[in-house]
Amino acid sequence: EGCREGGGNMAAGDAQGLCGPALLGAVPGAPSCPHGPALLFAKTSQGKEEGRRFYACSACRDRKDCNFFQWEDEKVSETRLAAREEYNRNHQPSFTHRQNVERYKNFVQLPLSKRRFCQECQQLLLPAEWEKHSDHQFLCDISTVQLKSPSQLLYPLENKKTNAQYLFTDRSCQFLLDLIINLGFRRVLSVGTPRLHEMIQSNASQEEDFRVRSLLLDIDFRYSQFYTEDEFCHYNMFNHYFFGGEAAHETCRKFLHQDNGERLIMVTDPPFGGLVEALASSFKKLMAMWTETGKEGPNNQEMPMFWIFPYFFESRILEFFPSFSMMDYQVDYDNHALYKHGKTGRRQSPVRIFTNLTPSMIVLPLEEGYRFCAICQRYVSSGNQHCEICNSCTSKDGRRWKHCVLCKKCVKPSWFHCNVCNCCALQTHTCEKADAGCFVCGKAGHKRSACPSLSRA
């Protein structure tokens, strides 16, 4: 929902003649690019590391967007280090967060006729800056309503290789907020969910008895024009990097520790192309912040979380967070052609809510066709029928799945059992993969992206 920047410069390895890189993670002393400390990768073949390890950008998948690359054992000259530091400085925002806060204060004091927003620079303009932007397109008469809804004022970043800033529809956003309130939460750590943060901020400013507060962590620095340093932190969720340094880190820590950490939930909507391992590592560090400095979480439990992600990543998420469950609620987005509510068959949104809360607590709207399964003790979609053999509501995509006796599990309705592959697949599939196996470990039954060997690494 927030700035879906990247997920590991996997192309960096390919550009250097490597293939199948595995993420080794964030390491102390890693070199940095404009997106913060780089992540360490290694080439793999048949489940084993081969060749040299290398650092690549944590956020951008395409080297055209961030070309940072360095071998782990490479000797970097002082001249090149100095040039890199200069490059990183030149690729930072032109204003600091504090400067943007002061600019906003001056902007809101202007009469409506003097409030302008440069669409090309994505920047609020003060009258003294008009001439500098005279040949740019800009919006005039920026209202208070527009200032309170920056996600609609700013252009969504939709370059699919680097950014994929898809924003919740009002339906999904309001559902999430209502759910949060009904569950008794009063503070929301909004990681990459600017529209949810925006809705909470708007309600708080309009309703005196509205008690929910939010802190937005997002890599999109444009939001610093609209929120104070207590409301927004410039943050990279792939390497747990606070661009504002220790001050921003402390802002987050204080927010997590208010009221002894009680009645707080983290809601995150990462880029779907991002590396699950990197995201999970950062989220665990945020969870650790919730319980650090001697303050234990309520009943020593995990920090409550809603992780919004496509259903086909379920096994990957459960690898890192075994306590999580996937809800059937379909999250949809305003500016995504496919991820829309109300479509049928394979056109339904694949985006779901993963949570460590008790599933029966997550009440889904009956008017949208969701119902409560008394056996599973959770709400499910109308097409998700309980399988007596699996003893579970097995559908993942909203369609009614069927049980395969040979596979001993439920499968998609369009799949049929293949005796060559000894598993269910589409009728149009080729049986080559039965011989080829996984590119990383050589075993059948999974693709390279889901190889257990990568997770072990």
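Is C121 buried, partly exposed or exposed? In this predicted model, C121 has a relative accessible area of 33%. The residue therefore counts as partly exposed, since that class lies between the limit of 20% for buried residues and that of 50% for exposed ones.

The bonding state of the cysteines may be taken next. A disulfide is a covalent bond between the sulfur atoms of two cysteines. The structure holds 0 disulfides. For C121, the nearest cysteine sulfur belongs to C118 and is 3.7 Å away. Because a disulfide is assigned to a pair of cysteine sulfur atoms within 2.5 Å, C121 is in no disulfide. C407 is likewise in no disulfide, and the nearest cysteine sulfur to C407, that of C424, is 3.6 Å away.

Strand β7 comprises residues 116–118 and pairs with β9 in the antiparallel sense over 3 bridges. The open sheet consists of 3 strands in the order β8-β7-β9, with antiparallel pairing. Its edge strands are β8, residues 123–125, and β9, residues 138–140, each of which pairs on one side only. On average, neighbouring strands of this sheet are turned by 25° against each other, direction ignored.

Terms used:
Residues numbered from 1 in each chain as written. Predicted model: local features only at pLDDT ≥ 70, side-chain atom pairs only at ≥ 80, totals over all residues. Heavy atoms only, no water. Buried < 20%, exposed > 50% of the residue type's maximum accessible area, 1.4 Å probe, protein only. Pairing = 2+ DSSP bridges. Helix = DSSP H or I, 4+ residues; strand = E, 2+ residues; numbered from the N terminus. Axes fitted to C-alpha atoms, helices over the stretch in contact; angles between N-to-C directions.
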